[in-house]
Amino acid sequence: MDKNRILQALSRVKDPESGLGIVEQNLIKSLTVDAPNVHLVLQVGDLNMEKKNELNFAAIGAVQEVYPDANVNLHMVVVDPENVKKYPHLKNIVAIASGKGGVGKSTMTVNLALALKKQGYQVGILDADVYGPSIPIMLGLKGKKPMIQDVHGRPRMIPLEGHGIPVMSLGFIIEPEQAVVLRGPKLSTIIQQFFNECVWPELDYLLVDLPPGTGDVHLTLVQTAPVTGVIMVTTPQDVAVADALKGMNMFRLESVNVPILGVIENMSWFTPKELPDNKYFIFGQGGGQQLAEMGDTQLLGQVPLVMEIREGGDEGAPAALDALLAEPFDQLASRLTKAVENRVVEKAPTTVVNITT
Ligand SMILES: Nc1ncnc2c1ncn2[C@@H]1O[C@H](COP(=O)(O)OP(=O)(O)O)[C@@H](O)[C@H]1O
Ligand SMILES: [Mg+2]
C-alpha cells in the first residue's frame, strides 16, 4: 500500500464545515499504513455529529476507492481552530507598510509583485490604503469594478487582473473621497470581506498595500488573517526613518507579533542620464540600513529615484516590466523570497491576533 496514493485520495475529501480539502487544510494529524490496516487521525474543529459522520464516510470511502480491501481505522480529535491554517490558498501574506505617505509603498508593492511573478510565483495584491488606493491606476485598472459571482449560493467578489496580477482594492468599492472618511467598523468589514468574500486564486504571495502609519486597517488585517511578515518602506532621510520606526514597532508589539521581513529604501539616489557615474543623494543617505538595524531586520534593497518609475506608475505600465528598469525589483524579489523561506523555518506561523479592548 502506497501512503502517497492514500494521501492523494484523501486530498479530494472536503471538510463539510468549510468546504475546503482536508489535506489542503492540514486536518490530517497522522496517517500510518500497516497493510491492510490504515490508521488515520483527523483533527476537526467543533463538528456536529451529522457532519462528523459525513466526513467519516467520505474519508473511509476515499481510501477504499484506491484500496478496496483496506481496513480503515479513523479517529477524530478536536483541535484548537487557531491551529488550522486560515486561508490555506494564500500561502504567504506579506504586508507592505510605511511611516508616512509618498515614500513609494504602492510603487514598491506593484513592482515587487511583477518581479515575483516573473520568477514564477503566483502573486496577488490587496490594496488596503484608505488615503489613496493607487494600485488600480498603477496596474491600468482605473475605473473598473470587480465582478460579483454566485459561489455555492453566496455572492463573491472576483478580483480584477492587471498584468496577470489579481487585485482587490478599496478603490474598486468606494470613491476616494468616501474612503478617507470611512469609520473604523465599516472599514474593518470591507477588509474582512476582501478575505472572506473574495475568490482569490491559489497564491504564493498576497501583498497587502497598507495605509501609511498605523490604524484601523492594520489592526483589522492582523486580526483577520495570519500575516507572514511585514516589509517597511522608507526614504533615506532621518525624519522618514523616525516615522517608519513607529509604524514598524506596532507589528513588533508582543500582542501583535508579526515578523519584520526587511526594509526597502526607496528614492535612495538620483543618477542623471548624462552623468551615469554620478549619484546624488537627494533625500540623504543611510536611512534604510538604520531602520533595519533598529528593527533587528535586514535591508532588502535600495531603489533609486528614476523618472521612468514614476511615469510607469502613472501610465499603468510598471517599471518592473521594462528590462532596463527591472533590476532593483528583481533583486528585491529574490531577497524577499529568501527572507520568507527563512522566516518559515525560524519562527512559528503567525496566528491571528486577538485584541480585546
Ligand atoms: N523610485 C522612484 N522613482 C521615481 N518616482 C517614484 C519612485 N518611487 C515612487 N515614486 C513616485 O512617487 C510618488 C509616490 O509613490 P507611491 O508609491 O504612490 O507612494 P505611497 O504609496 O507610499 O504613498 C508616485 O508618483 C510614484 O510614481
Ligand atoms: Mg500608496
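1. Is Asp209 buried or exposed? In this predicted model, Asp209 is buried, because its relative accessible area is 0%, and buried residues are those under 20%.

2. The chain is divided into two parts, namely domain 1, covering residues 3-83, and domain 2, covering residues 90-346. Between the C-alpha centres of domain 1 and domain 2 there is a distance of 38 Å.

3. A search of the whole structure finds 7 salt bridges. As background, side chains of opposite charge can pair when their charged atoms come close. One of these bridges joins Asp209 and Lys105, with the closest N and O atoms 3.0 Å apart. Asp209 belongs to strand E10 and Lys105 to helix H3, so this pair ties together parts that are 104 residues apart in sequence.

4. Lys105 also forms a salt bridge with Asp129, where the closest N and O atoms are 3.6 Å apart. Asp129 sits in the loop between strand E5 (123-127) and helix H4 (135-138), and the pair links parts of the chain that are 24 residues apart. Lys105 is buried, with a relative accessible area of 5%, and Asp129 counts as buried at 6%. Together, Lys105, Asp129 and Asp209 are linked in a network of salt bridges.

5. A further salt bridge pairs Lys91 with Asp204, and here the closest N and O atoms are 4.0 Å apart. Lys91 is in strand E4 (residues 90-98) and Asp204 in strand E10 (residues 203-209), so the pair ties together parts that are 113 residues apart in sequence. Lys91 is exposed, since its relative accessible area is 53% and the cut-off for exposed residues is over 50%.

6. Ligand 1 is surrounded by 16 residues, and Lys105 is among the closest, together with Gly102, Ser106, Thr107 and Asn266. Polar backbone atoms also approach the ligand. That of Val103 is 3.2 Å from an oxygen atom of ligand 1, and that of Gly104 is 3.0 Å from an oxygen atom of ligand 1. A nitrogen atom of ligand 1 lies 3.0 Å from a polar backbone atom of Val306. Taken alone, ligand 1 exposes 560 Å², of which the protein buries 82%.

7. On the surface, Tyr131, Val180 and Val181 form a nonpolar patch with about 330 Å² of accessible area together. Val180 is located in helix H6 (residues 176-181) and, at 43% relative accessibility, counts as partly exposed.

Key: Residues numbered from 1 in each chain as written. Chains lettered and ligands numbered in written order. Predicted model: local features only at pLDDT ≥ 70, side-chain atom pairs only at ≥ 80, totals over all residues. Heavy atoms only, no water. Patch = residues over 30% accessible without salt bridge, like charges linked within 9 Å, V, L, I, M, F, W, Y side chains within 5 Å. Areas by Shrake-Rupley, 256 points an atom, 1.4 Å probe, with all protein chains shown as cover. Salt bridge = Lys/Arg side-chain N within 4 Å of Asp/Glu carboxyl O. Helix = DSSP H or I, 4+ residues; strand = E, 2+ residues; numbered from the N terminus. Buried < 20%, exposed > 50% of the residue type's maximum accessible area, 1.4 Å probe, protein only. Domains from an automatic or database assignment. Near = heavy atom within 4 Å. Polar contact = N/O pair within 3.5 Å; in protein donor to acceptor, adjacent residues only side chain to side chain.
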